[in-house]
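This briefing concerns the arrangement of strands and helices in the structure shown below. The points are grouped by topic.

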Amino acid sequence: MKVFEGMLNILYPNRCPICQKLLPIGTEPDICEECKDNLHVIGEPKCLKCGKPIDSKEIGYCLDCLRQKHVYEKGWCLWLYDACVKSSISRYKYHNQPCYAPLYAKELLVYYKDEILKHSINRIIPVPLHSKKLKQRGFNQAALIAEIISKEMDIPYDPTLLRRIHDTKPQKALTHKDRYRNVISAFELVEDASIHNLNILIVDDIYTTGSTINSCAKVLLRGGANKIFFIALATGKGLSI
Ligand SMILES: [Zn+2]
Ligand SMILES: [Zn+2]
């Protein structure tokens with residue numbers, strides 16, 4: 001068995017998804033202890049609405065949430081989007097590392113399982129990818145994480161509820177106003193969706209200004225959902241006034 005494990009490790013080296021350091025043979029795939037210590041997990045003070053880190057607790061909200069009304073109820077972001085997290089997520093998405101998904105999901109649950117339980121979530125869904133992008137990438141990075149969270153928490157998962165009807169430009173390349181315009185009509189609900197009174201958790205990899213989650217939330221609320229929450233792996237620092 002040990003020999004087999006050793007061979008597997010040679011064929012598929014078990015590396016930390018953050019720093020890419022080789023993990024000892026026979027250990028479960030995981031984020032290494034050093035990265036667990038060094039990753040910037042977002043703590044207080046953070047925006048009461050979107051969960052971005054902010055400078056002071058007094059105002060309570062980041063500038064994005066003060067400037068734009070977000071129709072979702074509340075969201076949680078795990079890590080600050082620094083250089084390590086950025087390169088890990090980009091390897092995950094663009095260099096075909098779907099094996100990172102369970103490790104990301106595990107960390108999200110370590111910190112936010114209780115919050116998800118507290119808000120009586122009835123459905124877990126990913127931010128959908130446009131079919132063209134899905135074909136290119138081979139997987140939806142948010143969907144892999146969403147599915148694992150749903151299994152772990154025994155909450156129904158529905159990746160087909162929302163559809164992305166426009167192949168939007170990457171949000172990171174756009175100004176605040178253009179980000180909003182870019183996604184305003186990008187999503188639609190499937191025709192036979194039955195979401196009346198449901199509390200829905202949307203999963204995404206990176207939360208920026210909230211335009212994408214907000215557009216998804218609008219469509220879901222219009223379709224009869226009760227409250228929309230989101231959870232994301234990483235976010236930037238929230239600007240304060
Ligand atoms: Zn590491
Ligand atoms: Zn905010």
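**Sheet and helix packing**

Four strands form an open sheet in the order β1-β6-β5-β2, and their pairing is parallel. Because β1 (74-80) and β2 are the edge strands, each with a single partner strand, one side of each has no neighbour in the sheet. From one strand to the next, the twist averages 20 degrees. The model is a predicted one.

**Pairing within the sheet**

- Strand β2 (residues 123-126) is joined to β5 by four bridges in the parallel sense.
- In that pairing, Ile124 has Leu201 of β5 as its bridge partner.
- Eight bridges, again in the parallel sense, link β5 with strand β6 (residues 227-235).
- Leu201 also stands opposite Phe229, a residue of β6.
- Between β5 and β6 the chain passes through helix α9 (residues 211-222), and this β-α-β crossover is right-handed.
- β1 and β6 run parallel and are joined by six bridges.
- Opposite Leu80 stands Thr235 in β6.

**Burial of a strand**

- Strand β5 (residues 199-207) is mostly covered, with eight of its nine residues buried.
- The strand order β1-β6-β5-β2 places β5 between β6 and β2.

**A helix across the sheet**

**Packing of two helices**

- In general, the packing of two helices is described by the angle between their axes and the distance between the axes.
- Helix α5 (residues 101-118) packs against helix α7 (residues 141-153) at an angle of about 50 degrees, and their axes are 9 Å apart.
- Is α5 oblique or roughly parallel to α7? The angle of about 50 degrees makes α5 oblique to α7, because angles under 35 degrees would count as roughly parallel.
- The crossing of α5 past α7 is right-handed.
- On the α5 side, the contact is made by Ala101, Pro102, Tyr104, Ala105, Leu108, Leu109, Lys113 and Ile116.
- On the α7 side, the contributing residues are Leu144, Ile145, Ile148, Ile149, Glu152 and Met153.

Key
Residues numbered from 1 in each chain as written. Chains lettered and ligands numbered in written order. Predicted model: local features only at pLDDT ≥ 70, side-chain atom pairs only at ≥ 80, totals over all residues. Buried ≥ 20, exposed ≤ 12 C-beta atoms within 10 Å, placed from the backbone. Helix = DSSP H or I, 4+ residues; strand = E, 2+ residues; numbered from the N terminus. Pairing = 2+ DSSP bridges. Right-handed = clockwise from strand over helix to strand, strands pointing away. Axes fitted to C-alpha atoms, helices over the stretch in contact; angles between N-to-C directions. Parallel < 35°, antiparallel > 145°, perpendicular 65-115°, else oblique. Left-handed = near helix turned anticlockwise from the far one by under 90°. Contact = placed C-beta atoms within 7 Å.
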